[in-house]
Amino acid sequence: MIKCDCKERIGIEIKSYRMFDELKDFFEKRVTEGIFEDIPVEAPHYIGYDSTGKAMKWYANKWYRCKVCGVLWEFDYPDFPAIGFVRKFEDGVYGSKGCE
């Protein structure tokens, strides 16, 4: 039986290249193991507006869903000096209360 460790994990800010590489490897390994599935990013994590009022949308790079427990993970790669992040949506619904 396949097990996951989603309950023990939390969201995190990505403040270094090393941390980014470790997280990327973690998610890719879980996909290869069949624990997570890579799913298309369907919604922006932020919507801002330019000086003309035109909407500007920012999307995460990856979403992963745990095949065991249904948790949705959002992974936004850093673009240093801007940090990245990983957010956890325990109920598997994007936009619901995420666990930071």
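Author: The largest pocket holds about 200 Å³ of space. The model is predicted: local features need pLDDT of at least 70, side-chain atom pairs count only at pLDDT 80 or more, and totals for chains, interfaces and linings use all residues. Residues are numbered from 1 along each chain as its sequence is written, and side-chain values use heavy atoms, with hydrogens and water left out.

Reader: What makes a space a pocket, and what makes a residue part of its lining?

Author: On a 1 Å grid over the protein atoms alone, a pocket is an open set of points with protein on both sides within 12 Å along at least five of seven lines. Lining residues have an atom within 4 Å of a point. Among those lining the largest pocket are Arg-9, Met-19, Phe-26, Trp-73 and Val-86. Helix H1 (residues 17-33) gives the most, with 5 residues. The lining divides into 8 nonpolar, 1 polar and 2 charged residues.

Reader: Why is Cys-66 called buried?

Author: Cys-66 has 2% relative accessibility, so it counts as buried (buried means under 20% relative accessible area, exposed over 50%, partly exposed in between, with a 1.4 Å probe and protein chains only). Cys-69 is at 37%, so it counts as partly exposed. Asp-5 has 22%, so it too is partly exposed. Asp-5 is found in the segment before strand S1 (12-14).

Reader: How do you know whether Cys-66 is in a disulfide or in none?

Author: A disulfide is a pair of cysteine sulfur atoms within 2.5 Å. The structure holds 0 of them. For Cys-66, the nearest cysteine sulfur is that of Cys-69, 3.7 Å away. That distance is over the cut-off, so Cys-66 is in no disulfide. For Cys-69, the nearest cysteine sulfur is that of Cys-66, and Cys-69 is in no disulfide.

Reader: What makes a set of residues a nonpolar core?

Author: Its members are buried Ala, Val, Leu, Ile, Met, Phe, Trp, Tyr and Cys residues joined through side-chain atoms within 4.5 Å. The largest such core has 14 residues. Phe-27, Phe-36, Trp-73, Phe-75 and Val-86 touch the most other members. H1, strand S5 (62-66) and strand S6 (72-76) each give two or more residues. H1 gives the largest share, 4 residues.

Reader: How do you know that S3 and S4 pair?

Author: Two strands pair if DSSP finds at least two bridges between them. Strand S3 (residues 46-49) and strand S4 (residues 55-58) are joined by 4 bridges, so they pair. They run antiparallel. Ile-47 stands opposite Lys-57 in S4. The hairpin has 5 residues between the strands, and Gly-53 takes a positive phi near 90 degrees.

How values were computed
1 Å grid on protein atoms, 1.4 Å probe; cavity = no way out; pocket = protein on both sides within 12 Å on 5 of 7 lines; lining within 4 Å. Points joined across faces, edges and corners; volume = space filled by probe spheres on them. Nonpolar A, V, L, I, M, F, W, Y, C, P; charged D, E, K, R; others polar.
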